[in-house]
Every structure is written in structure tokens, then in C-alpha cells.
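Reader: I am new to this structure, and I would like to learn how to read a few of its features. Could we take them slowly, one after another?

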Amino acid sequence: MHARSNPLSEETQEKLNQLIKYWWVGDRTYLALQAACQGDDAMPGFADYFHLLGIRCRVQAELTTKYLTLRGGVLKMDTCGPIEVPQGTRDGMKQFLEKSLEIEETIEQSLKETWAAANETQDIDLMYHIGKKMMRHQTRAIYWALRNITGLETSNSAYLYDRLTMRPLVEKMMRGICAHRHSKWGAMMMQIMSPDERTLMEQEETEVRRCQ
């Protein structure tokens, strides 16, 4: 547990509060993108992908809030404002992915600014927390956002990309979460998921073990 004898500076508190806001904006935006993919032109692969990204943002927001308060910081609740989501599914799926990339790049920039503020005050604990527990996942999220944009452009069919690429990707992501379910991050991810999703993940893990 982080001692209050090592308080956060005013600047790092502001940066952490801004980061928490971006996490919640990401959660709300991904929820809207997920809903848009469940409309008339259903894209279940994309919907589940955005669903998992939204859960990740929510978990990170809660973990960052806990870190802030344990370090003696003050949580400043702020409104996120309206969420703008591109319209359309099959014709506008690239815009959905570009919106996802925009979210992740905004969060990455906020992480870098928070790390820089921590570096100025030689806050080693916060620098480690960002580098070890946040930036690695963030880099991965940006990688998949860019890869999916390129892949969708190459496929020329959002429908086929949804069925042939996004579904296997979602299954891979769920297996990764299940494999890390004993960590704080993985446990919180699974807790937010529905009972059906948790059951599916456990069944897939059992099947993988049988094949090994």
C-alpha cells in the first residue's frame, strides 16, 4: 500500500485526474461504438471488440482512482461531455476504428504527460506504476487499433473482416484476460464481464489445456 507520507504533487494529481477522465470517456465511447455495431447491420465481432476495450478503460479508471486516493490525492469528478460516434456500420466501420485509435492515442499522451510530471518530482513509484502497469497495455491497444484499420482497408469488406478476423481476435483477447485472472487487472476485467462471457472463457481455457 502506498504511504501517505509520500504525497503526490499538485501537478501529478492534476495529471492523474485528467487521465481518469480520459479513461471514463473511453469507456463511454466504446459503449456507444458497441451499441452501434449491434444495430440492423450487426457486426458481432466488432461489437465484442469494443466491449472488451470499454471494460479495459473502466478497470483502468477504477485502478487509477484507487492509486490516486491511496497516495493521498484528491479525486476531482468532472463531466465528460457528449460522446460523438460516427454513424453507419458497414460503410463507416473504418471511422469506428479511427475513433478507437483517437481514444487510445489521447490516453497514451495523457500517460506520457503524467510520467513526465512524475519524473520532474522524482516520483519513482508513479513512474514505475505508469511504465509497468499502464503503458504496456496502452501500446498493445494502439497496435491493434492500427492493425485493424490497415486490415479492414485491405479486406475491402467489413462483413468478412468482422467474421474472419475480429471474432478470432476477440477470442484471443478473452483467453489473455482469463490467463491473467489471478492478477488485480485480470480479476477486475472478469468481474465486470457477464456470467456467460466468464463461462465461455473458462470453457475455452479448458479446451486449450486438453489440446496441449
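Reader: Where is the place of Gln122?

Author: Bearing in mind that this is a predicted model, you will find Gln122 in the loop between H3 and H4.

Reader: What should I look at in the backbone of Gln122, in terms of phi?

Author: The general idea is that most residues other than glycine have a negative phi. Here Gln122, although it is not a glycine, has a positive phi of about 55 degrees, and Gln122 is exposed, with a relative accessible area of 53%. Asn156, which is not a glycine either, has a positive phi of about 65 degrees; Asn156 sits in the loop between H5 and helix H6 (158-179) and is exposed, its relative accessible area being 70%.

Reader: Which residues of helix H4 are buried, and against which helices do they pack?

Author: In H4, which spans residues 124-133, the buried residues are Leu126, Met127, His129 and Ile130. Because they cover an arc of only 160 degrees around the axis, they lie on the same side of H4. The buried residues of H4 pack against helix H1 (10-36), helix H2 (44-70), helix H3 (93-120) and helix H5 (135-155).

Reader: How do the axes of H1 and H2 cross?

Author: In general, two packed helices are described by the angle between their axes and the distance between the axes. In this model the axes of H1 and H2 come within 8 Å and cross at roughly 160 degrees, which means that H1 is roughly antiparallel to H2. The crossing of H1 and H2 is left-handed, and the residues of their contact divide into 14 nonpolar, nine polar and four charged.

Notes: Residues are numbered from 1 along each chain as its sequence is written. This is a predicted model: local features need pLDDT of at least 70, side-chain atom pairs count only at pLDDT 80 or more; totals for chains, interfaces and linings use all residues. Side-chain values use heavy atoms; hydrogens and water are left out. Buried means under 20% relative accessible area, exposed over 50%, partly exposed in between (1.4 Å probe, protein chains only). Helices (H or I, at least four residues) and strands (E, at least two) are DSSP runs, numbered from the N terminus. The arc is that of the directions from the helix axis to the C-beta atoms. Contact means heavy atoms within 4.5 Å. Axes are lines fitted to C-alpha atoms, for helices over the stretch in contact, and angles run from 0 to 180 degrees between N-to-C directions. Angles under 35 degrees count as roughly parallel, over 145 as roughly antiparallel, 65 to 115 as roughly perpendicular and the rest as oblique. A crossing is left-handed if the near helix is turned anticlockwise from the far one by less than a right angle, and right-handed if clockwise. Ala, Val, Leu, Ile, Met, Phe, Trp, Tyr, Cys and Pro count as nonpolar, Asp, Glu, Lys and Arg as charged, and the others, Gly among them, as polar.
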